[in-house]
Amino acid sequence: MTTHTDKTCLYCHTDQTKVPLIPLEYQDRKLWICPEHLPLLIHSPQKLVGKLPDAENLTPYEA
Ligand SMILES: [Zn+2]
């Protein structure tokens, strides 16, 4: 049983040697996302279904 602490973007799996990663706390888990995919979390969380648990329950932020 390994704890999954790889610091990679939850969407594209690019690691923090390649891009700056933004740490997230979600459902008692630590996740990381890169600047390129942070807008998905804000505006299009449905695109993270399958990548992020319960992403289908997140509400897109309407600017
Ligand atoms: Zn990414």
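In the predicted model, residues 24 or more positions apart account for 23% of those contacts in the protein chain that have a separation of 6 or more. The chain contains one helix and two strands, and these elements follow the pattern β-β-α when read along the sequence. Taken along the principal axes, the C-alpha atoms fill a box of roughly 35 × 25 × 15 Å. The radius of gyration of the protein chain is 12 Å, which agrees with the value near 11 Å that a compact globule of 63 residues would have.

Of the 63 residues in the protein chain, 14% are buried. The largest nonpolar core consists of nine residues, namely Cys 9, Leu 10, Leu 21, Leu 31, Trp 32, Ile 33, Cys 34, Leu 41 and Leu 52. To this core strand 2, which spans residues 29-33, gives the most, with three residues.

Tyr 61 is situated in the segment that comes after helix 1, the helix formed by residues 38-43. Between the C-alpha atoms of Tyr 61 and Leu 38, which are 23 residues apart along the chain, the separation is 12 Å.

Technical notes:
Residues are numbered from 1 along each chain as its sequence is written. This is a predicted model: local features need pLDDT of at least 70, side-chain atom pairs count only at pLDDT 80 or more; totals for chains, interfaces and linings use all residues. A nonpolar core is a set of buried Ala, Val, Leu, Ile, Met, Phe, Trp, Tyr and Cys residues joined through C-beta atoms within 7 Å. A residue is buried if 20 or more other C-beta atoms lie within 10 Å of its own, exposed if 12 or fewer, and partly exposed in between; C-beta atoms are placed from the backbone. Helices (H or I, at least four residues) and strands (E, at least two) are DSSP runs, numbered from the N terminus. The radius of gyration is taken over C-alpha atoms; the globule rule is 2.2 Å times the number of residues to the power 0.38. Two residues are in contact if their C-beta atoms, placed from the backbone, lie within 7 Å.
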